[in-house]
Amino acid sequence: MAALRGDRMPRIGVTGMWSNHIHGLRFDGSAVAAAVLRSVIRAGGEPLTLFAESALPPEERLRGLDALLVPGGSDIDPRRYGQEPVAAVSPADFAEQDDFEAGMLAAAIRIGMPVLAICRGFQLLNVEYGGTLVQDVAADSPHRNSVHDVELEAGSALAAAIGAASLPVSSYHHQAIDRVGEGLRVTGRAPDGVVEALEHPDAPLIAVQWHPEDNAAADERQHALFAWLIERARARMDREA
C-alpha cells in the first residue's frame, strides 16, 4: 500500500451506475464494480462513489477530489453520436447517466484533473469528442469475452505507465470505436485493428477499452493503470498544497 500524502490518501471520484435492481435494496441504487474500488484502494487511493444526480455543477462536485475514474457499465445511447439504436443496445437504466458522466469527464479535463476511463468511460470519451461507435461487433469477435493482446504506442503515457510495448487484456465488450473522436490520440490497438486505448493531447488522461480491474490484483501491468492514476492524483495534491 502506498504511503499517504500529508494527512490523507488521494480521493478518487468514481462515477456510479444507476441500477434499477441491486441485491439487498428495495428500490433503485448506485453501483460500482467492487473490483474497480478494490483496485483504487490497492494502488493507495480512497474511492468515493459519485451519484448520478446532484444539484451541484460538475466542477463543484470535483472539489475536494484528486482524480476521476469513469468505469464500465451500460451502453451509451447511440443518439448521442447521431445513430438510432440497434436491438442489441442495452442503455443505462437512468436516462441522464450519459449526461452525468460526460459532464464529470468534461469538468475534470477542463481543470486538469487526472482521469482513468475504462470500457464505457473510454467509449463515452470518444463520443464526446465527436467519435462514433460500432453498436454491435460480430458475434464471434474476440472482444466479446476473451483475453487478447494489445499493442501500445511507444512514447505514450499508457506505455510508460505499464512499462511494456504490449500486454494481454481482459476483454468483454460488444461495442467498439468506429470513428475516433477529434484530437484524441490512439495509443493502443488489438491485433484486428480495434482501438483499445486513447489519450487526450492536453490532459492527464488514459482511457482503455479493456477491464484492468479484472486481474489487477495478480498482474502488475494492469495494476499499473490504477497506480498511474494515484500517482497523478498525489502530484496534483502536492501542487495545490
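Is Cys119 buried or exposed? In this predicted model, Cys119 counts as buried, with a relative accessibility of 8%. The cut-off for burial is under 20% relative accessible area, and Cys119 is assigned to the buried class because its 8% falls under that limit. Cys119 is placed in the loop between strand 6 (115-118) and helix 4 (120-128). The backbone at Cys119 has a phi near 50 degrees, which is a positive value in a residue other than glycine.

The axes of helix 3 and helix 4 come within 10 Å and cross at roughly 75 degrees. Angles of 65 to 115 degrees count as roughly perpendicular, and helix 3 and helix 4 are therefore roughly perpendicular to each other. On the side of helix 3, the contact is made by Gln97, Asp98, Glu101, Ala102, Leu105 and Ile109. Helix 4 contributes Arg120, Gly121, Leu124, Leu125 and Glu128. Sorted by class, the contact of helix 3 with helix 4 consists of 5 nonpolar, 2 polar and 4 charged residues.

The crossing of the two helices is right-handed. Val36, Ser39, Val40 and Arg42 of helix 1 meet His223, Phe226 and Ile230 of helix 6 in this contact. By class, 4 nonpolar, 2 polar and 1 charged residues make up the contact of helix 1 with helix 6.

Aromatic pairing was also examined. The structure holds 2 aromatic pairs. In one of them, Trp18 and Phe51 are stacked, at 5.4 Å centre to centre and with 25 degrees between the planes. Trp18 lies in strand 2 (residues 17-19) and Phe51 in the loop between strand 4 (46-50) and helix 2 (58-62), so the pair ties together parts that are 33 residues apart in sequence. Trp18 is buried, with a relative accessible area of 15%, whereas Phe51 is partly exposed at 35%. Trp18 also pairs with Phe94, again in a stacked arrangement, with 4.3 Å centre to centre and 15 degrees between the planes. This pair links distant parts of the chain, as Trp18 is in strand 2 and Phe94 is in the loop between strand 5 (67-70) and helix 3 (97-110), 76 residues apart. Both Trp18 and Phe94 are buried. Trp18, Phe51 and Phe94 together form one aromatic cluster.

A further set of contacts concerns Asp178. This residue is located in the loop between strand 10 (176-177) and strand 11 (185-189). With residues up to four places away in sequence not counted, Asp178 touches Thr132, Leu133 and Val134. Asp178 and Val127 are separated by 51 residues in sequence, and the distance between them in space is 10.0 Å, C-alpha to C-alpha.

Key: Residues numbered from 1 in each chain as written. Predicted model: local features only at pLDDT ≥ 70, side-chain atom pairs only at ≥ 80, totals over all residues. Heavy atoms only, no water. Phe/Tyr/Trp six-rings, centres within 6.5 Å; stacked < 30°, edge-to-face > 60°. Helix = DSSP H or I, 4+ residues; strand = E, 2+ residues; numbered from the N terminus. Buried < 20%, exposed > 50% of the residue type's maximum accessible area, 1.4 Å probe, protein only. Left-handed = near helix turned anticlockwise from the far one by under 90°. Contact = heavy atoms within 4.5 Å. Nonpolar A, V, L, I, M, F, W, Y, C, P; charged D, E, K, R; others polar. Axes fitted to C-alpha atoms, helices over the stretch in contact; angles between N-to-C directions. Parallel < 35°, antiparallel > 145°, perpendicular 65-115°, else oblique.
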